[in-house]
Amino acid sequence: LILLTVTISILDSIPSVMLANSRMIYAFAADRVFPRVFARVHPRFRTPHHATTLTAVAGSLSVLGCAFAGDFFLGVDLLVVSMLVNFFLMALAVLAFPLVNPDLYGHVRFLRSRRAQVLIASSSLVLLGGLLLVQVVMDLRSASPWYLKSTTSWTTTMVVGALIFARSWRALRREGVDPAR
């Protein structure tokens, strides 16, 4: 029953996750952080078809990897951890927003009180950081081999992503573009 519930829940969220991730890849490519091919838009459907295809392939490989590993819950762990990390980074962004982009921050129309923003973001960092810590500790203590631990997978993904970002950042600076602006 639990497995069925989790499966239905994941199937329900796949379209929104795929669309959001493909649009993020598209935006990164448009900003020249990812290869430009992922910023191409289909002439007829007006969708970022290469970014959507990449997202579908990555998602399919993840599902196949969990199936071949014989551990359906590895995929669930990866999903949960990636959401925790994502929301943790969003809370950090709320704290940094007025410092990084004060002009855009001036246009915020929702929850304008900086005190409330800091309180909510700080509370989120504590709660999400605690949940992430519990997940990592439990994962590292599990009897699974290192390559079947969600911590290994998401850490590798984050490192690869950071390397791609750093490479693209340096390339933009070499071209005379200030990526911080």
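Glu-175 pairs up with Arg-32 in a salt bridge, with 2.7 Å between the closest N and O atoms. In this predicted model, that pair ties together distant parts of the chain: Glu-175 sits in the segment after α6, Arg-32 sits in the loop between α1 and α2, and 143 residues separate them. The Glu-175 end is exposed, because its relative accessible area of 51% falls over the 50% cut-off. Arg-32, at 34% relative accessibility, counts as partly exposed. The structure holds 2 salt bridges. Asp-178 and Arg-173 form a salt bridge too, with their closest N and O atoms 4.0 Å apart. Asp-178 is partly exposed, at a relative accessible area of 37%. As a general point, side chains of opposite charge can pair when their charged atoms come close.

Stepping back to the overall layout, the protein has 6 helices and 0 strands, so the pattern along the sequence reads simply α-α-α-α-α-α. Taken along the principal axes, the box filled by the C-alpha atoms comes to roughly 50 × 45 × 30 Å. Of the 181 residues, 19% count as buried. The protein exposes about 12800 Å², and carbon and sulfur atoms supply 70% of that area. Among contacts with a separation of 6 or more, 52% come from residues 24 or more positions apart.

How far can the model be trusted, and where is confidence lowest and highest? The average pLDDT is 84, and 93% of the residues score at least 70. Helix α1 (residues 2-30) has the lowest confidence, at a mean of 77, while α5 has the highest, at 92. Where pLDDT is low, the predicted coordinates should not be read in detail.

Now for the inside. The largest nonpolar core has 7 residues, namely Val-81, Leu-84, Val-85, Leu-128, Leu-132, Val-136 and Trp-154. Two helices, α3 (72-100) and α5 (114-141), each supply at least two residues of this core. A second, separate core has 5 residues, including Ile-25, Ala-29, Phe-38 and Ala-39. Within the largest core, Leu-128 is in contact with Leu-84, Phe-87 and Phe-88, leaving aside neighbours within four places in sequence. In soluble globular proteins, nonpolar side chains tend to be buried together.

Helix α2 (residues 49-69) is where Leu-64 lies, and Thr-55 belongs to helix α2 as well. Thr-55 is buried, because its relative accessible area of 9% is under the 20% cut-off. Not counting residues up to four places away in sequence, Thr-55 touches Met-18, Asn-21, Ser-22 and Ile-25; Ile-25 is also one of the residues of the second core. Leu-64, by contrast, is partly exposed, with a relative accessible area of 43%. Together with Val-57, Leu-61 and Phe-68, Leu-64 makes a nonpolar surface patch of about 450 Å².

That leaves Thr-152, which is placed in helix α6 (residues 150-174). Thr-152 counts as partly exposed at 23% relative accessibility, because that value lies between the 20% and 50% cut-offs. From Thr-152 to Ala-58, the C-alpha to C-alpha distance is 17 Å, and the two are 94 residues apart in sequence.

Terms used
Residues numbered from 1 in each chain as written. Predicted model: local features only at pLDDT ≥ 70, side-chain atom pairs only at ≥ 80, totals over all residues. Heavy atoms only, no water. Helix = DSSP H or I, 4+ residues; strand = E, 2+ residues; numbered from the N terminus. Buried < 20%, exposed > 50% of the residue type's maximum accessible area, 1.4 Å probe, protein only. Core = buried A, V, L, I, M, F, W, Y, C linked by side-chain atoms within 4.5 Å. Contact = heavy atoms within 4.5 Å. Patch = residues over 30% accessible without salt bridge, like charges linked within 9 Å, V, L, I, M, F, W, Y side chains within 5 Å. Areas by Shrake-Rupley, 256 points an atom, 1.4 Å probe, with all protein chains shown as cover. Salt bridge = Lys/Arg side-chain N within 4 Å of Asp/Glu carboxyl O. pLDDT = per-residue confidence, 0-100.
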